[in-house]
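Please keep the sequence and the structure in view while reading.

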Amino acid sequence: MVVVLGMSSGWLIFDIIVLAILVGWGVSAGISAYRRKHYATVLDEDAFREGMRKAQVIDLRQKDAFDKGHILGARSLPYIYLKQQYGELRPDLPVYLYDDGMQLSTQAVTFLAKKGYHKLYILKGGYAEWHGKTKKAKYAD
């Protein structure tokens, strides 16, 4: 058995793997932050609520999550369908996006910006941080 700096080779490999995962996660988080800043404006709840009356508010979560509760006035357009249905959005109006956090919204604004949409906004913290008016489906579980 080889011992390096008082560590067995098994622990050294484990440490390298953990370090690689952490570096990968950090790079991914950095890329997401760059994309959010480059393609969209992140709005706090008050600014989002104030501007949403004149915007298209899009909930990117799955339909079942939307039915359990969504921001009042939002339209369900799950992220998995965005690439097929983005043409339903008007490029001349602001698009306010949210999901559970901000990950799907970041991916969505990157895609939409490349398709010519420029008035893109993301709810800071996503639906998980929303304290405003919501609506639930009558028959949601």
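In this predicted model, a polar atom of the Asp-99 side chain lies 3.1 Å from the backbone nitrogen of Gly-101. A further polar contact, at 2.5 Å, joins the side chains of Asp-99 and Ser-105. A polar contact is a pair of N or O atoms within 3.5 Å; within protein, one must be able to donate a hydrogen and the other to accept it, and residues adjacent in sequence count only if both atoms are side-chain atoms.

The model is a prediction, in which local features need pLDDT of at least 70 and side-chain atom pairs count only at pLDDT 80 or more, while totals for chains, interfaces and linings use all residues. Residues are numbered from 1 along each chain as its sequence is written, and side-chain values use heavy atoms, with hydrogens and water left out.

Asp-99 is found in the loop between S7 and helix H5 (103-114). Helices (H or I, at least four residues) and strands (E, at least two) are DSSP runs, numbered from the N terminus. Although Asp-99 is buried, it has no salt bridge, and the nearest side chain of opposite charge, Arg-61, is 7.6 Å away. Here buried means under 20% relative accessible area, exposed over 50%, and partly exposed in between (1.4 Å probe, protein chains only). For charge, Lys and Arg count as positive and Asp and Glu as negative; His and the chain ends are not counted.

**Salt bridges**

Side chains of opposite charge can pair when their charged atoms come close. A salt bridge is a side-chain nitrogen of Lys or Arg within 4 Å of a carboxyl oxygen of Asp or Glu. The structure holds seven salt bridges, including those in the table.

| Salt bridge | N to O distance |
|---|---|
| Arg-49 and Glu-45 | 2.5 Å |
| Lys-63 and Asp-67 | 3.0 Å |
| Arg-90 and Asp-92 | 2.6 Å |

Arg-49 and Glu-45 both belong to helix H2 and are four residues apart, about one turn of the helix. Glu-45 is buried because its relative accessible area is 15%, whereas Arg-49, at 31%, counts as partly exposed. A network of salt bridges links Glu-45, Asp-46 and Arg-49.

Lys-63 and Asp-67 both lie in helix H3 (residues 63-68), again four residues apart, about one turn of the helix. Lys-63 is partly exposed, with a relative accessible area of 44%, and Asp-67 is partly exposed at 24%. In the pair of Arg-90 and Asp-92, Arg-90 has a relative accessible area of 44% and is therefore partly exposed; Asp-92 is also partly exposed, at 41%.

**Aromatic pairs**

A pair of aromatic rings is described by the distance of the centres and the angle of the planes. Rings of Phe, Tyr and Trp (its six-membered ring) pair if their centres lie within 6.5 Å; planes under 30 degrees apart count as stacked, over 60 as edge-to-face and the rest as tilted. By this rule there are seven aromatic pairs. In one of them, the ring centres of Phe-48 and Trp-130 are 5.9 Å apart and the planes stand at 75 degrees, so the pair is edge-to-face. Phe-48 lies in helix H2 (residues 45-51) and Trp-130 in the loop between strand S8 (120-123) and strand S9 (134-135), so the pair ties together parts that are 82 residues apart in sequence. Phe-48 and Trp-130 are both buried.

The pair of Tyr-96 and Tyr-121 is tilted, because the planes are at 45 degrees, with the ring centres 5.0 Å apart. This pair also links distant parts of the chain, with Tyr-96 in strand S7 (residues 95-98) and Tyr-121 in strand S8, 25 residues apart. Tyr-96 is buried, with a relative accessible area of 7%, while Tyr-121 is partly exposed at 22%. Ring pairs join Phe-48, Tyr-96, Tyr-98, Tyr-121, Tyr-127 and Trp-130 into a cluster.

The charged end of Arg-49 sits over the ring of Trp-130, 5.4 Å from its centre, and Arg-61 lies over the face of Tyr-127, at 4.2 Å from the ring centre. A charge sits over a ring if NZ of Lys or CZ of Arg is within 6 Å of the ring centre and within 35 degrees of the ring normal.

**The sheet**

Five strands form an open sheet with parallel pairing, in the order S3-S8-S7-S4-S6. Strand S3 (41-43) and strand S6 (75-76) stand at the edges, each with a single partner strand, so one side of each is left without a neighbour in the sheet. Two strands pair if DSSP finds at least two bridges between them. Strand S4 (residues 56-59) and S7 run parallel and are joined by four bridges; Asp-59 has Tyr-98 as its bridge partner in S7.
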